[in-house]
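Subject: Structure for you to look through

Hello,

Here is the structure I said I would pass on.

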Amino acid sequence: MTTLVCTSGSNVGTRTPPYPSFSSYMKARQPVLLRTARSLTANPSDAEDLLQTALTKTYVAWERIEDHRALDGYVRRALLNTRTSQWRKRKVDEFVCDELPEPEGVPAGDPAEQQALHDAMWRAIMKLPARQRAMVVLRYYEDLSEAQTAEVLGVSVGTVKSAVSRALGKLREDPELEPVR
């Protein structure tokens, strides 16, 4: 598309801008500029934000822009520069893939061995006195805090700490759990 520009010498000193104010320019050109912004982004909301930022930059520079006939070019350049800056600053945290990668870690053990260990752990816990057993179960199997365990059992937090410490010591010394160590 070709834009005709008058270069006559008689209009040089008495040039009147086609848009007397920023608001009249924005109202007249916003739909066209929004289409340009949408072509730069995938999301319509991001396009609106991008246009808003570019128009803000244009408003700040409104008095410095000498040729108001070239405002569209100025705003388009502001759109492109802003979008480029956003693209450079973005941080990629997620990647789309067809297949989730398998975690490389400790291979799953033999289910029979895991069940044997589970049974041995429960036998060792059942050997503990009832109060210590209750505290160990609440702390480690029910995942309660020391304060929550103390509240459930009606004892102080210090009592929970000392009883759990003694119970764990007994579990460490249990001969059935020797293969785990």
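Leaving aside neighbours within four places in sequence, A37 is in contact with A47, L50, L51 and L79; contact means heavy atoms within 4.5 Å. A37 also belongs to the largest nonpolar core, which has 17 residues. A nonpolar core is a set of buried Ala, Val, Leu, Ile, Met, Phe, Trp, Tyr and Cys residues joined through side-chain atoms within 4.5 Å. Buried means under 20% relative accessible area, exposed means over 50%, and partly exposed is in between, with a 1.4 Å probe and protein chains only. Y25, L33, A37, L51, L55, V75 and L79 are the members that touch the most others. Helices α1, α2 (44–60) and α3 are the elements that give two or more residues to this core. A second, separate core has eight residues, among them A120, A124, I125 and L128. As background, nonpolar side chains in soluble globular proteins tend to be buried together.

Before going on, a note on where the values come from. This is a predicted model, in which local features need pLDDT of at least 70 and side-chain atom pairs count only at pLDDT 80 or more, while totals for chains, interfaces and linings use all residues. Residues are numbered from 1 along each chain as its sequence is written, and side-chain values use heavy atoms, with hydrogens and water left out.

The overall layout

The protein chain has seven helices and zero strands, and its pattern along the sequence reads α-α-α-α-α-α-α. Helices (H or I, at least four residues) and strands (E, at least two) are DSSP runs, numbered from the N terminus. The chain has 181 residues, of which 23% count as buried. Of the contacts between residues at least 6 apart in sequence, 53% join residues at least 24 apart.

Helices α1 and α3

How far apart are the axes of α1 and α3, and at what angle do these helices pack? Helix α1 (residues 22–40) and helix α3 (residues 71–89) have axes 11 Å apart and pack at an angle of about 35 degrees. The axes are lines fitted to C-alpha atoms, for helices over the stretch in contact, and angles run from 0 to 180 degrees between N-to-C directions. The crossing of α1 past α3 is right-handed, where right-handed means that the near helix is turned clockwise from the far one by less than a right angle, and left-handed anticlockwise.

On the α1 side the meeting residues are Y25, R29, V32, L33, T36, A37 and L40, and on the α3 side they are L71, D72, V75, R76, L79, L80 and R83. This contact divides into nine nonpolar, one polar and four charged residues. Here Ala, Val, Leu, Ile, Met, Phe, Trp, Tyr, Cys and Pro count as nonpolar, Asp, Glu, Lys and Arg as charged, and the others, Gly among them, as polar.

Y25, in helix α1, counts as buried because its relative accessibility is 0%. The C-alpha atoms of Y25 and L71 are 8.6 Å apart, although the two residues are 46 residues apart along the chain.

A54 in helix α2

A54 lies in helix α2 and is buried, with a relative accessible area of 0%. Beyond its neighbours within four places in sequence, A54 is in contact with V75, A78 and L79. A54 and A78 are 24 residues apart along the chain, and their C-alpha atoms are separated by 5.2 Å.

Aromatic rings

There are four aromatic pairs in the structure. Rings of Phe, Tyr and Trp (its six-membered ring) pair if their centres lie within 6.5 Å; planes under 30 degrees apart count as stacked, over 60 as edge-to-face and the rest as tilted. The ring centres of F22 and W62 are 5.5 Å apart and the planes are at 85 degrees, so this pair is edge-to-face. F22 is in helix α1 and W62 in the loop between α2 and α3, so the pair ties together parts that are 40 residues apart in sequence. Both F22 and W62 are buried. Ring pairs link F22, Y25, Y59 and W62 into a cluster.

Later in the chain

Y141 is in helix α5 and counts as partly exposed, at 39% relative accessibility. Leaving out neighbours within four places in sequence, Y141 is in contact with M121, W122, I125 and V136.

D143 is in the loop between α5 (130–141) and α6 (146–153). At 65% relative accessibility, D143 counts as exposed. Its phi is near 60 degrees, a positive value in a residue other than glycine.

Regards
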